[in-house]
Amino acid sequence: MTRAPANLLAVRSLLLTHLDNAPGPDDLDPGEVGIVGDASHRGGYHCGSDRVVTNDYSVVESPRDRAGLTLDAAALDVGQFEVSSGGRTHTMASFSVWCVGQCAANAADTRDIREIIYSPDGTTVKRWDRLGKRSTGDSSHRWHTHFSFFRDAIKAGRDQRPLFRRYLSSIGLLEDDDMTPEEHNWLATVHKNLTVLDGRNPIGQIYTRMAQGDDHTGAPVTGHPNLKSLGAQLTALQATLNTLSGRDFTDEPAIVQGVLASLTPEKIAAAIPPTMAKQVADELARRLVA
């Protein structure tokens, strides 16, 4: 029988964790977030291989779907909500428009989304289709938004939460330090590798003081394990290297050379968790423009 895959259940759980019981007149209820179609549902991304129909568009229009067809459903419906955060009101419509904008911009964490059927105003129904094949939807999408995911991404078990985490962060319902276990482990490794240098060279000494919050540079960092964000840690490391350039160390050239030798693009890329890569790229782009 068609089943709900773990990666879409994780998206459902994320949205309900932060939008159910959120401040505002209408939070998101569990019954409003669905993955598998009801027993009479036939055809489309809410169905797995046991319920697709002949020439089902959710299978035949993309090789990604043909290759990924399993018993798993590959769609998510999100119902109506109206919550308050950051001094603003956020609704299903504004959420949908934001997600469509990210897809239209081809953000890295949207590329497994095939389509979004939604209403920007509660009246008009629109359809964003990555394949450019469809542009309409039925009237039920005035009160729920439909996301279809390419079936190969669901089959592969790829994490589909990053886009929705970014949305929740953008409206202030997800704290910056609400990271995945993978991201926490990576930060812990970075922290360990830097602080172990304490007593051996200035980088370790300065970083440790900054991580403890008592360095004169005033970098916005707190001590491990209460690290606030990746951005703060990168700011701290940058401040550390900047500080070195203004100090007189007899072995400074060797220290700087050693740091630069270890910070190759390949090593940096390999160290960044996949869930964080898009955020790092966006931040670098923002700083280059600034």
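This is a predicted model: local features need pLDDT of at least 70, side-chain atom pairs count only at pLDDT 80 or more; totals for chains, interfaces and linings use all residues.
## Helix H4

Helix H4 runs over residues 92-104 and has 13 residues. From first C-alpha to last, H4 reaches 18 Å. That is close to the 18 Å expected at 1.5 Å a residue.

Which residues of H4 are buried? They are Met92, Ala93, Phe95, Ser96, Cys99, Val100, Gln102 and Cys103. In an α-helix there are 3.6 residues a turn, so residues three or four places apart point the same way. Strands E2 (75-79), E4 (88-91), E5 (113-118), E6 (126-129) and E7 (144-149) are among the elements that cover the buried residues of H4. Helix H6 (161-170) is also part of that cover.

Asp112 sits in the loop between H4 and E5.

Is Asp112 buried or exposed? Its relative accessible area is 12%, so Asp112 counts as buried, the cut-off being under 20%. Leaving aside neighbours within four places in sequence, Asp112 contacts Arg64, Ser148, Phe149, Phe150, Ala153, Arg158 and Gln160.

Strand E3 covers residues 82-85, and its side chains alternate. Val83 and Ser85 point to one face and are buried.

E3 pairs with E4 in the antiparallel sense, over four bridges. Val83 has His90 of E4 as its bridge partner. Two residues lie between the strands of this hairpin, where Gly86 takes a positive phi near 60 degrees.

Methods:
Residues are numbered from 1 along each chain as its sequence is written. Side-chain values use heavy atoms; hydrogens and water are left out. The expected span of a helix is 1.5 Å times one less than its number of residues. Buried means under 20% relative accessible area, exposed over 50%, partly exposed in between (1.4 Å probe, protein chains only). Contact means heavy atoms within 4.5 Å. Two strands pair if DSSP finds at least two bridges between them.
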